[in-house]
Amino acid sequence: MSTLNEALSEQHRLSIWHVYHKGDEHITITPFINPKKEFGLNKKSHKKLAAEYPQPPDRNNESNSYFVHHPTLLFHNAPRTLRRGNKKTGTPICLIKCGASWLNWKIQFGDNLKDIIDPRGVVKWECRSNPNNTTLNDDRALKGYKVRTWRVWGESGKRYHRQVNARREEKKNVRGSDESPVEMEKVTGDEKHDLSYSQKQDPSPPSYSAAPQTTIPQPAVAEEAVRLNWSSPLSLNTRRYSFEYANIKFFWKGTRAVHPDKQWAKWLMPFSHLKFIARLAGIESEDILLGQYTPSFACRKFGELWIFDSVVAKLLGEDDPPTFAEQGAVSEVRDIRKTRLYELIMATAMCMVIGEAQKREILIALLAMAAEGGSSN
């Protein structure tokens, strides 16, 4: 397997993504550095770093960043959504659902997600795959979430929740104000004759085409689903996750190999770095290095994610010429980023970032509790 230094020496096209906290639950993944969220920088350092890395004019372009939105619904562990752009209203790419104890992650893709996910960030109740809203034994099945008549402070979709309940109240008032139907036994014979004549002349009811026609949501399923599994939680290789896509096996695994300029991270955080490798079918002994993740000490930054775009392009069977114009290079990189494999790499990377961060938080909390208990004795 090619090491990180070998991959860098071969001058592969490298994309560096900065993974930042966005509030308490959300994540932004951007190629642009945010000086205010870097580690150990004061106000003067912020200004200096901002001058060295100015914000480009197309910072808000959807193709330049990703956003992980985690909806908040009481009594529900709603799945996260990976979106294009740096906002929670960006185009959804996939749903990310964490299993019990991080043993597995379910990632569901579909071009129809933008139509079936409501402003809260969850699948509409009307679009659930099964009437009983179960997803057992079917990775493509989508779980729907109702809009309750009440809402707890802090839940997602405050404005949308009010709009839905306002429409409900309006429908209730309209139904209550409807006049009772005419009883036919009270209609005289002449009135019956006039009524039958009018029905023959114009048997069809009046058209209501002037009113806006809204499409009724239909049950939906994910176009594709991928399972990311924790391979060996109780072993020496505990940080090892795997999944399979297009007959290729992929692995996220722990590593101590870091960039030469970041050797301090190797000694301070030896059990936090991850590398991403692919293993082709029929070549069991050959591993291909596709990327690496290095965490950060900054409280508002998860770390840096490196992806070798040229290696991903070769894995997809696309030509990667040694020389090309700068404009052509940018367009080629963006085409690679719009492929399902690249989206899957970003989604699984976020699974690793979230899972490893939550494990460290729980471990630190347990150590703190043990220390507190020992000191009390």
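Modeller: Trp153 counts as exposed because its relative accessibility is 82%, where exposed means over 50% relative accessible area, buried under 20%, and partly exposed in between, with a 1.4 Å probe and protein chains only. This is a predicted model, in which local features need pLDDT of at least 70 and side-chain atom pairs count only at pLDDT 80 or more, whereas totals for chains, interfaces and linings use all residues. Residues are numbered from 1 along each chain as its sequence is written, and side-chain values use heavy atoms, with hydrogens and water left out.

Trp153 sits in the loop that runs between helix H3 (113-116) and helix H4 (158-177); helices (H or I, at least four residues) and strands (E, at least two) are DSSP runs numbered from the N terminus. Together with Leu74, Phe75, Trp150 and Val152, Trp153 makes a nonpolar surface patch of about 630 Å². Such a patch takes residues with over 30% relative accessible area and no salt bridge, joining nonpolar side chains (Val, Leu, Ile, Met, Phe, Trp, Tyr) within 5 Å, and the areas come from the Shrake-Rupley method with a 1.4 Å probe.

Most residues other than glycine have a negative phi. Ser101, in the loop between strand E5 (92-98) and strand E6 (104-109), is another non-glycine residue with a positive phi, here about 55 degrees.

Back in the loop between H3 and H4 lies Thr149, which counts as exposed because its relative accessibility is 62%. The C-alpha atoms of Thr149 and Ala166 are separated by 9.9 Å, the two residues being 17 apart along the chain.

Trp150, one of the patch residues, also takes part in lining the largest cavity. A cavity is a set of points on a 1 Å grid over the protein atoms alone where a 1.4 Å probe fits but cannot get out, and lining residues have an atom within 4 Å of a point. The structure holds one cavity of 30 Å³ or more, and about 50 Å³ of space lies in the largest cavity, a volume being the space filled by probe spheres set on the points. Alongside Trp150, the lining includes Leu73, Lys146, Val147, Arg151, Ser156 and His161, as well as Arg120, Arg148 and Glu155. By class, the lining has three nonpolar, two polar and five charged residues, with Ala, Val, Leu, Ile, Met, Phe, Trp, Tyr, Cys and Pro counted as nonpolar, Asp, Glu, Lys and Arg as charged, and the others as polar.

Some of these charged lining residues are also paired. The side chains of Glu155 and Arg148 meet in a salt bridge with an N to O distance of 2.4 Å, the term requiring a side-chain nitrogen of Lys or Arg within 4 Å of a carboxyl oxygen of Asp or Glu. Glu155 is buried because its relative accessible area is 8%. Arg120, another lining residue, forms a salt bridge with Asp118, and the closest N and O atoms are 2.8 Å apart. Arg120 is buried, with a relative accessible area of 3%, and Asp118 counts as buried at 3% relative accessibility.

For context, a search of the whole structure finds 10 salt bridges. The side chains of Glu304 and Lys301 meet in a salt bridge at 3.7 Å, N to O, and both Glu304 and Lys301 are buried. Arg84, Glu224, Arg340 and Glu343 are linked in a network of salt bridges.

Arg239 has its place in the loop between strand E7 (224-230) and strand E8 (240-245), and Arg239 is buried, with a relative accessible area of 15%. The C-alpha atoms of Arg239 and Lys253 are separated by 5.4 Å, although the residues are 14 apart along the chain.

Terms used
1 Å grid on protein atoms, 1.4 Å probe; cavity = no way out; pocket = protein on both sides within 12 Å on 5 of 7 lines; lining within 4 Å. Patch = residues over 30% accessible without salt bridge, like charges linked within 9 Å, V, L, I, M, F, W, Y side chains within 5 Å.
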